[in-house]
Every structure is written in structure tokens, then in C-alpha cells.
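Hi,

Here is the structure I promised to pass along. Have a look at it first, and my notes on its salt bridges follow below.

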Amino acid sequence: MSTADEGRQWPDEVSVDNARKTLLQLLARAGVPSDDARELIGLLEAGALALAHEELTGGGGRSVPGDKGEAYESGWLDGAADVLTELGAVAERTLLQVVSPDGHEDPAGEHPRAGRMEVERAKVALTPLYLSFAAVSELDPEVTEEVLTAVLGTMSPRQRAGYAGRLTAFAKAHRARLERLFAEFGPGSAITVHGRFSLVHSVTSIAVLERLAATPQALREEWDAAELPPAWLDGLTTAWHAPV
């Protein structure tokens, strides 16, 4: 039987499950705990569905196939809308299974402590953004994790799932301001890594700045609860608001 005879060669349910199990086993051999691996895979699955929904919702110049009259066009569009609605619902359920394994939304305002994988995802998102402004000059890795845990504590698990996109949008929107900040206070400037401007020398600086702009009070509360040096947050606030 030829490929044409078989139609579209899409993976079936068994094949998809096989790929998932294979990836879980490979990650386990690399030392990644199964819960962390399942979380990453779940986010990829939910993300693929969400991106497909976004692409189809955008339309991209698509039109009703053929020319079969208004009644056909109306029915086709209604059917397409129903499919998009269901696709969005599937993406929502898939994401909910990742951010809330018990299947329920987190109560409003509840921000559980960030897990290890959430912190790791934040690091991966922040590093290239930071390197677009400054050279590598981080604080102690343990301090980096403490700062990111406090930052992530201002968000719900659902918000953390889309945090990389939020950080990228923030860096893009404030690029000129960030370039000025890192030039004056970051690596390569006269300011040393020690002191109140220490965080400008860390990838965590962009994460803290984003939260300072979005939820300053919540950040301050998490910062104090984590018993992080107040001078670091005050220093970064001063640098952010320094006159041009």
C-alpha cells in the first residue's frame, strides 16, 4: 500500500503514548524526576493545542471552500467556530491537568510555593534575555533560586505556565530602558557585584524588574517572607527609576 493510499500519516493514540513513554524513560535516565518530566510534557501538549487554536482563530486569509451559496457558507462558518471552541476547551483541560493535577482551578489569590521545574523554566527563559543586555556575572546559584522562588510566588501556577512569554514581552517593551540600566549599573560598569545593586549582576534582575512593574506590593511581601536582603530590592528599584 502506498503512502497516498493510506492518507495522512498522523500518529495515532498508541503512537503518541509510545512517544510520551519513550521521552519519560529518556528523561528518567538523565535524572529528571517523573513528575517534573510529566509537567514539561504536559505543558508542551497544552501549548501545541493553544498555538493551533491561536493560528486557526487568526484566520490567515482562509475562506469558505467552493462557491455553494450563502446557506452553505453560513453552515461552514458555524461548524468551524464550533470546532475552534472545542479545540480551545481541549487546550484548557490539558493545561489544567498540568497546573492543577486535582483538576480544579486554584482559588483566587492562592499562590503555592514554586516547584523546582517552575524555577528551572524561569532560568531558561531569563538567561538569553539577560545575555542580550549584559555579560554573565551571576550571584551564587542558591541565591538565584531563592530570588526566583520569591518572584514566582507572586503568580498562580497558570500564570507561571506563560511566564516566559511575559518576560520576553517585558524585555521587548522596555528594551531601551533596560539597556540604560545595565550599562550604568550592571557588569562592565563602575558598580561592583557587591552591594545594593547586586541583582543587576544576575539573570534574576529582569524577573524582579518585571514584577516591580506588574505587582510591586506582592513582590515586596514575597521578598520579606523569603527574608531576602531589602537593600537588593531597593537598589534595583532605584536603578529602574534612575533619571535618563
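A word on terms before the notes: helices (H or I, at least four residues) and strands (E, at least two) are DSSP runs, numbered from the N terminus. Please keep in mind that this is a predicted model, where local features need pLDDT of at least 70, side-chain atom pairs count only at pLDDT 80 or more, and totals for chains, interfaces and linings use all residues. Residues are numbered from 1 along each chain as its sequence is written, and side-chain values use heavy atoms, with hydrogens and water left out.

With that in place, helix α9 (residues 175-185) holds both Glu 179 and Arg 175, four residues apart and so separated by about one helical turn. Their side chains form a salt bridge at 3.3 Å, N to O (a side-chain nitrogen of Lys or Arg within 4 Å of a carboxyl oxygen of Asp or Glu). Glu 179 is partly exposed at 42% relative accessible area, as is Arg 175 at 32% (buried means under 20%, exposed over 50%, partly exposed in between, with a 1.4 Å probe and protein chains only).

Another salt bridge joins Asp 36 and Arg 116, at 2.8 Å from N to O. Asp 36 sits in helix α3 (residues 34-58) and Arg 116 in helix α5 (residues 116-131), so this pair ties together parts 80 residues apart in sequence. Asp 36 is buried at 12%, whereas Arg 116 is partly exposed at 49%.

Across the whole structure, the search finds 14 salt bridges. Asp 17, Arg 20, Lys 21 and Glu 45 are linked in a network of them.

Best wishes
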